[in-house]
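Q: I'd like to learn how to read packed helices and ring pairs in a model. Can you walk me through it?

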Amino acid sequence: MSATRRAAVLGSPIAHSLSPVLHRAAYAELGLEDWAYDGFEVDEAALPGFLETLGPEWAGLSLTMPLKRAVIPLLDEISSTADAVEAVNTVVLTADGRRLGDNTDIPGMVAALRERGVRQVERASVLGAGATASSALAALSRICTGEVTAYVRSQARADEMRGWGERLGVTVRTAAWEDAAAAFEAPLTIATTPAGTTDALAAAVPDRPGTLFDVLYEPWPTALAAAWADRGGAVVGGLDLLVHQAVLQVEQMTGRSPAPLAAMRKAGEVALAAR
């Protein structure tokens with residue numbers, strides 16, 4: 001049967017994306033046999049043209065780098081969540097042709113932490129200062145009642161993180177990356193850095209750590225996550241984030257709720273194990 005409703009993930013590079021696996025698993029569980037979800041290699045230059053080709057069968061798009069900010073001028077409306085971090089990872093295409101942008105990474109982070117019992121913390125640490133770090137600050141604005149310390153590599157990054165803090169209503173203190181082991185004194189540490197960056201910190205995990213949220217999912221576990229788990233700390237991983245943000249995308253694009261979290265996570269685990 002040919003698809004009567006379509007959705008896709010766009011980005012560059014896109015071959016590594018787990019989004020097709022997760023969304024297709026949701027469609028199968030929900031009985032949406034006439035829905036299709038694909039991946040398309042699309043960069044910033046090609047994005048406007050790609051959007052113009054979409055017909056009425058299209059329900060929505062997931063966006064990864066480098067499109068999360070580039071898409072904003074091409075949309076009719078964006079949510080306050082997406083506006084807060086100037087990043088859109090979800091576009092819902094309405095029946096009347098409107099393009100509505102949202103960011104499910106932020107509520108996805110909050111949901112992933114809540115699933116592991118973390119609903120509120122009095123302080124937190126963030127490792128890194130890139131785009132994911134700003135989403136982490138936005139998530140912390142919802143659950144952290146006190147100060148957030150961001151460990152960064154340059155003064156420019158420090159200024160940027162303090163600026164995001166002011167915008168998001170979070171008290172942000174910055175510290176040098178060389179002192180990053182001190183991050184683990186907080187009840188919650190969110191690692192937002194690329195693969196390998198935190199490996200050297202694994203030896204500094206304390207005997208009774210709090211919760212680590214490491215946004216990576218491949219390779220997994222990271223050296224830091226493995227050391228954290230070995231010492232009895234709670235670990236939230238990148239797959240948790242990916243699944244929770246995808247659950248929200250499926251619900252927005254299909255209008256069906258709740259999306260099948262367990263089936264989507266299982267599909268993601270199987271796909272990663274096969275790589």
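Q: What is the handedness of the crossing where helix 4 passes helix 8?

A: Keep in mind that this is a predicted model. Helix 4 crosses helix 8 in a right-handed way.

Q: Which residues of helix 4 and helix 8 make the contact?

A: From helix 4 come Asp105, Pro107, Gly108, Met109, Ala111, Ala112 and Glu115, and from helix 8 come Asp240, Leu241, His244, Gln245 and Leu248.

Q: What are the angle and the axis distance for helix 1 and helix 9?

A: Helix 1 (residues 19-30) packs against helix 9 (residues 261-273) at about 140°, and their axes are 8 Å apart. The label for helix 1 and helix 9 is therefore oblique, since only angles over 145 degrees would count as roughly antiparallel. Helix 1 passes helix 9 in a right-handed crossing.

Q: Which residues make the contact there?

A: Helix 1 brings Val21, Leu22, Ala25, Ala26 and Glu29, while helix 9 brings Ala263, Met264, Ala267, Gly268 and Ala271. That contact of helix 1 with helix 9 splits into eight nonpolar residues, one polar and one charged.

Q: Now the rings. How many aromatic pairs does the structure hold?

A: The general idea: a pair of aromatic rings is described by the distance of the centres and the angle of the planes. This structure holds six aromatic pairs. Take Tyr27 and Tyr37: their ring centres are 6.5 Å apart and their planes sit at 65°, so the pair is edge-to-face. Tyr27 lies in helix 1 and Tyr37 in strand 2 (residues 35-41), 10 residues apart, so to speak a link between distant parts of the chain.

Q: Are Tyr27 and Tyr37 buried or exposed?

A: Tyr27 is buried, at 3% relative accessibility, and Tyr37 is buried too, at 1%.

Q: What kind of pair do Phe40 and Trp58 form?

A: A tilted one: Phe40 and Trp58 are 6.3 Å centre to centre, with 55° between the planes. Phe40 is in strand 2 and Trp58 in strand 3 (residues 58-63), 18 residues apart. Phe40 is partly exposed at 25% relative accessibility, whereas Trp58 is buried at 5%.

Methods: Residues numbered from 1 in each chain as written. Predicted model: local features only at pLDDT ≥ 70, side-chain atom pairs only at ≥ 80, totals over all residues. Heavy atoms only, no water. Axes fitted to C-alpha atoms, helices over the stretch in contact; angles between N-to-C directions. Helix = DSSP H or I, 4+ residues; strand = E, 2+ residues; numbered from the N terminus. Parallel < 35°, antiparallel > 145°, perpendicular 65-115°, else oblique. Left-handed = near helix turned anticlockwise from the far one by under 90°. Contact = heavy atoms within 4.5 Å. Nonpolar A, V, L, I, M, F, W, Y, C, P; charged D, E, K, R; others polar. Phe/Tyr/Trp six-rings, centres within 6.5 Å; stacked < 30°, edge-to-face > 60°. Buried < 20%, exposed > 50% of the residue type's maximum accessible area, 1.4 Å probe, protein only.
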